Amino acid sequence: MSDMSVHAAVHGAPTSFIRKYVFSLDHKIIGLQYYALALVAVVTGMVLSWIMRVHLVWPNAPIPGLGALAKVGAPGGVVTPEYYLQLMTMHGTLMVFFVLTNAPFAAFGNYFLPIQIGAEDMAFPRFNMMSFWTTFVAFCILISAFFVGDGPPLSGWTGYAPLSAVGKDAGPGQGIGQSLWGISIFVFCIASLLGSLNFIATTLDLRTKGMTLSRMPIVTWAWFITSCIALLAFAVLMPACLLLILDRVTGTSFFIPAGLNVGDHIQPHQGGSPLLWQHLFWFFGHPEVYIAILPAIGIVSHILICNMRKNMLSHRVLIYCMMAIGFLSYMVWGHHMFLSGMNPFSALVFSFPTLMITIPATIMTLIWLGSLYGSNLRINSASLFCLGFISMFVSGGVSGFFLAQPSIDIYLHATYFVVGHFHMVMGVAAIMGVFAGTYFWFPKMTGRMMNETLGRWHFFLTLIGTYAIFMPFHYLGLAGNVRRYSAFQDDFLVPLIPVHKFITYAALFTGAAQLIFIANLVYSRFKGPQASPNPWECTSLEWSTPSSPPPFDNFGGQHPVVHHDPYQYGVKSSTGDYIMQTSPGPGAAS
Amino acid sequence: MATILHPPQTEVERGRQLENNGAGGGFRNLAPEGGNLRRVKDPSGEPTRTGIWVGMAAIAMSFAALTSALYVREGSGYADWTHISLPPILWFNTLSLVLSSIALERARHRVATFMRGQEGTRSVPMLWLNATMLLGLVFVVGQYFAWLKLRSEGLYLPTNPNSSFFYVLTGVHVVHVLGGLGGLSRVMLKFRSATNPLRRSTLDTTSYYWHFMGLLWVYLLFILWLKL
């Protein structure tokens, strides 16, 4: 691959409002659109989780306004057990697909990947626009499930067959709601494939002069690796969704076994394999975890390096670790199926690579900690959230050791231990990365600074709050608390209700603390102090643009030339202790 | 902030850079040398090539998933996996798709000849492009007749897993072939257009995709023959 980039024939400057802000071809606007969509999705998903948490500890308490939205599911505002599962399904689907995939990968990746490699735009701007609007359509289809028939589906974000395949006999929401879910995910797959294709082609072909692959920032690498993972993962989920829809609509039997009695009806299907759905789904589902976390790993590493004013102990090893994780992610899907009835020997086979993933993950953690040790870290909201990310990544990751072992998983499977594990390591950790990225790149995206005091309050309340919510989940799981129950009436569960009450209070508190972030975001967008061109004294190309936000072609009709590895900190230069990638000054490495 | 930015490349520089890239095979810009017909810059050549390979990887992955689904479904332990005889027209369809690939290669060669100024008119290249399109359409119609044949035997999509996989695999493939036919139409429109001229990368990537559709079909036919 030549380091002489070939620039795409990019679009001209947009002239109308529609072209500039709605059907925009500009990767920066598309990135912001993804961010806004993720914000709407995360608020919706969080409100759903609040309703679930309140219902869990006060099962008969009416939720104000809910009765009007769900007359069947929540008569008088009191959530029925079925509606609890419907809320849970929508919470999971919204968070995994429309938040954890969109925010760290599609939103920030769209905005900053082309700038960080010195390109004017994505390789295929029209595909990029289509990608966002297809995602938006998928979102609308999913949300519409709240307002049709008997509401959204109740089969969980994993849509396990045959529950998801047999139709309305399986319960409320399993009719049209589940069909809408399947169509939504199918459409989302198309959008993600288009987006991944764009990311890969852009990274490989639109790098500016001097921007060799090894000179790309870690976060650019993270988005690139993630797009490779997403390309292959969503390419599998899409046909899986097609088969599911065919089972539901045309009466095929891919996933539905013979003689299945659901809702007092023998289902008119035969010979299908419920395990087939799990295989196909988790072949996507486990890489999806890394689609969420790898961009956050990249964002956090990028920001930490800038704030440590020195490179990581080895940023190349970090990149190799991300590649190793991406590679291994395709070999471990069976660890979600230890208790599915799969051959026990398969469990052993899947356990081994699962445990192997801990090796690159541990190496990365040691590199972060080793680099932080003795560094003069600049403390700000972004770097604090990076520390929060590492903390959450380790705390959530450690429980993975337990779950990766089939013999221990027999006990912990489908308990709150699992819920605590993935919420911490995949959910909260990735969100911490998104927060870090927001505080860090906000000056570039808007030309204004976010309020630092509010940012720190937001960090500490979020860190304490999320630990208060999710650490007790592990204890609940160890005590045998099964997930997906809508109320706790069994003898062994009743004593755990006080713990659940504590978690509910913590969830309400932590959710409310996010209002600080949203207020900060809105206030700073309009009233924040003007940001200097490079407020963090960072070296990568996004801080070389002529303005903040950058012009439509990013570098004002010019192409930057790159002279250095991305992280030249701790060196003497005329500007301070750093040398921009575009500066031909001293300190050039390789 | 010490940043050095260089001015944008001139068109001449860009053209030279592309000529030197090596992947163009001597006629990267689809214009007769020195002719006034058109002088087409192809700055987006490489991303388009990368994009089509990446796209084909994703499509291959989807069909790999469907193949694995077929194997798992066959081994699900329920005795409903029955043999269906493939409609004979599939062999004719296969032949037309293979011939369409050969026609497209001829078309590509003749377009190159035309663009080098060694061929006076567009008619011969267009003939080959039309032949490709026609053979592609014959394949699609032929697949439709194959479905009709199955229906006449009482084999519908949900009848048994074999018929389900037959319709799914051939249907998803035909959808992708229709995408290829759309790409071919685009090539033909651009080839005839004076204002929106054909880029070499467009022609190349369309032909890669089309050949990939052919290879994919041969693979699918093998799977259908082997398992159904």
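A crossing of two helices is called left-handed if the near helix is turned anticlockwise from the far one by less than a right angle, and right-handed if it is turned clockwise. In this predicted model, helix 6 of chain A passes helix 7 of chain A in a left-handed crossing. Helix 6 spans residues 176-205 of chain A, and the axes of helix 6 and helix 7 of chain A lie 7 Å apart at an angle of about 150°. Angles over 145 degrees count as roughly antiparallel, and helix 6 and helix 7 of chain A are therefore roughly antiparallel to each other. Sorted by class, the residues in the contact of helix 6 with helix 7 of chain A comprise 21 nonpolar, 8 polar and 1 charged.

The domain assignment of chain A gives two stretches, domain 1 (30-253) and domain 2 (292-528). The C-alpha centres of domain 1 and domain 2 of chain A are separated by 19 Å. The contact between the domains involves 33 residues of domain 1 of chain A and 35 residues of domain 2 of chain A. On the side of domain 1 of chain A that touches domain 2 of chain A, two or more residues each come from helix 2 (27-57), helix 4 (81-116) and helix 7 of chain A. Helix 4 of chain A gives the largest share of this side, 14 residues. By class, this side of domain 1 of chain A has 27 nonpolar, 5 polar and 1 charged residues.

Helix 7 of chain A (residues 218-249) also packs with helix 9 of chain A (residues 315-328), at an angle of about 10° and with the axes 10 Å apart. At this angle, helix 7 of chain A is roughly parallel to helix 9 of chain A. The crossing of helix 7 of chain A with helix 9 of chain A is right-handed. Residues of helix 7 of chain A in this contact include A:Ile218, A:Trp221 and A:Ile225, and those of helix 9 of chain A include A:His315, A:Leu318 and A:Met322. In total, the contact of helix 7 with helix 9 of chain A has 10 nonpolar, 2 polar and no charged residues.

Helix 14 (residues 452-478) and helix 15 (residues 497-527) of chain A pack at an angle of about 155°, with their axes 9 Å apart. This angle makes helix 14 of chain A roughly antiparallel to helix 15 of chain A. Helix 14 of chain A passes helix 15 of chain A in a left-handed crossing. The contact of helix 14 with helix 15 of chain A consists of 17 nonpolar, 7 polar and no charged residues.

Methods. Residues numbered from 1 in each chain as written. Chains lettered and ligands numbered in written order. Predicted model: local features only at pLDDT ≥ 70, side-chain atom pairs only at ≥ 80, totals over all residues. Axes fitted to C-alpha atoms, helices over the stretch in contact; angles between N-to-C directions. Helix = DSSP H or I, 4+ residues; strand = E, 2+ residues; numbered from the N terminus. Parallel < 35°, antiparallel > 145°, perpendicular 65-115°, else oblique. Contact = placed C-beta atoms within 7 Å. Nonpolar A, V, L, I, M, F, W, Y, C, P; charged D, E, K, R; others polar. Domains from an automatic or database assignment.
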